[in-house]
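Thanks for making time this morning. I would like to walk you through the charged and nonpolar features of one structure, beginning with a question about a pair of side chains.

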Amino acid sequence: RHCSSAGLELPPPSFDCLLALRHKLQTRLPGAHSTAPSVMADIQQSSWGQRRLANNSFKGKVPRMGNVHDFDFVDKPDSSGIPDTTEGCAQLMAKVLAAGDLSSAEACLEVMVSKSKGFSMKHFCLTVLKMSANSGNTAAAAWCMECMAENGIVPSVKAFNTLLNAGAKAGDLALVEKWWNSMSKGCEPTAVSYNIMISACAQAKNGNRAEYWFDKMVRDGFKPCNVTYGTLIDANAKRGNAVQAQLWALRMYSAGITLDIMAYNSLISVCGKSGDLVKAEFWLNHMISSKLEPNEKVYNSFIHACGKCGALGKAEEWFERMEKSGCKTDMISYSSMIFAAAKVGNLRRAEWWMEYMLKQGFTPNIICVNTLLHACARKGDIQTAAMWFARAQQFNIHPTEVSFNSVIDACVTGASVSEAVYWVQRMITDGFHPNEITILTLSRWGAGHEQGTSRTRDMPRWAYDAMATAYSEIGSHVEAAHWQAQLAGLPQYHADPGAPAAAQGAPFSGRQGRAQGGQADQPIGKTRGKHPQQQQQPQQQRWRQQQQQVGAL
């Protein structure tokens, strides 16, 4: 207002900020709805605001998750600001349709037809259809086809292929086949049409239906190409059918069509997921012998397959070959190596790969940290788990339920009640609720340490009490009462000889609870000693050995 009264011209960024402010006032700040209309009124009444509206200032300002009615040009046919070109109108309509408001799209189209000069309905519909197909917006694509039919425009086979592609990207196979039936009545499909149908089946993970469309394609006289075979390989790979994927690769090879990188990557990935590392390595070597250089995605697929099969040495061998080949390693490469080491229970090697990744300038993500914590859980290494949990927060990585469950699992495997109590309570105070995995993990202790229990799903008494105390500390009395009721309903088992007093009903409270046991007064991360009477409990010894072999949940 001051600039306008002083005759000063506002720069474009200032106007854009006002539009963004109006949207925030209407959608984010409670009680500010009365202020928002006045902001837009000031913009429209000022001379600079009118000029900016006329120069398409709203272009790109429709919020992805907002309401298109926030912008007055949609609701008022006499408002200015409509683009002069058909291309500009199509881009604006694509944003309106992305908001999912088809009624506003109809109103906006009427304004465009009446205001825009040289408006071409056919070019407009085809442009919007292509944009909608690229984003997988089936409702917007169908709206474009209806708009063409209402204006007497006969869709070409290219337009129908674009429509089918929209449904294929969305993975809606039933809708795509419905559109196919309507297309076959008006125009003849092409080989591209059949490839799109097979791609839709692959996206929907329906390999049987993809084979049906392949047979139909051949019966109708079209010759399959590398795209056709590659899509069929990918369709079977996505549903985990390694045998069928390899059969299609052999059919492709026998047809004289060379396998491309995408086909090889699908074959390596599905063989690795099915546990057939020999076949996965065969296809990788076959790719290299065919004078095709594997890219980062292919190497990462094979290294991850080695990890799933527990072949750490093979994974490290191909990681070294990947570096020597000149391929750039990325976060997926290092996380796969950490996973491969953790899979075989080699905690020290998993830590080495984490440190090596840090030296290469990569910041670990939560997946890498959780994988490392899982390896600590398998070994029962509480000290290392606590250390990497703390380092994750230094990397600005926020822990998840999986992170806490892994640390709790390490405490259970390492037979440290005080540490388990601390991490259960910290999990709750940090805003996470114990889930099914937490209960199952703690039940491992209850099944092996409390005498006389026959229910494997029962947690030890100290776990119930720890949860109730933690919920009381954060003020969630309903949850606290729930766990107290669960505790009251348990039979009075004999406490574990090495457990602190909480196992017999005494309450725990935060760090104070950690100090109630004989070993709990040590700082976090210190390795706990074994229970004093462990040598006198052969049954407990066998239980610990079995749990170490089984590993983390």
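Predicted model: local features only at pLDDT ≥ 70, side-chain atom pairs only at ≥ 80, totals over all residues.

How many residues apart are Glu351 and Arg348 in helix 21? They are three residues apart in that helix, which covers residues 347-359, and therefore they are separated by about one helical turn. Helices here are DSSP runs of H or I with at least four residues, numbered from the N terminus.

Residues are numbered from 1 along each chain as its sequence is written, and side-chain values use heavy atoms, with hydrogens and water left out.

Back to that pair: the side chains of Glu351 and Arg348 meet in a salt bridge at 2.5 Å, N to O, where a salt bridge means a side-chain nitrogen of Lys or Arg within 4 Å of a carboxyl oxygen of Asp or Glu. Glu351 is buried, because its relative accessible area is 13%; the classes are buried under 20%, exposed over 50% and partly exposed in between, with a 1.4 Å probe and protein chains only.

Elsewhere, salt bridges with shared partners join Glu281, Lys314 and Glu317 into one network. Within it, Lys314 and Glu317 meet at 3.9 Å, N to O, and both lie in helix 19, residues 312-324, three residues apart. Lys314 counts as partly exposed at 26% relative accessibility, and Glu317 is likewise partly exposed, at 37%. Lys216 also forms a salt bridge, with Asp220, the closest N and O atoms being 3.8 Å apart; Asp220 is partly exposed at 40%. Over the whole structure, the search finds eleven salt bridges.

A negative patch gathers Glu106, Glu110, Glu146 and Glu150, and helix 7 (102-115) and helix 9 (138-150) each supply at least two of its residues. Glu150, found in helix 9, is exposed at 62% relative accessibility.

The nonpolar patch consists of Val243, Leu247 and Leu250, with about 290 Å² of accessible area together, as given by the Shrake-Rupley method with a 1.4 Å probe. Val243 lies in helix 15, residues 242-254, and is exposed, with a relative accessible area of 58%.

Conventions. Patch = residues over 30% accessible without salt bridge, like charges linked within 9 Å, V, L, I, M, F, W, Y side chains within 5 Å. Lys, Arg positive; Asp, Glu negative; His and termini not counted. Charge placed at Lys NZ, Arg CZ, Asp CG, Glu CD.
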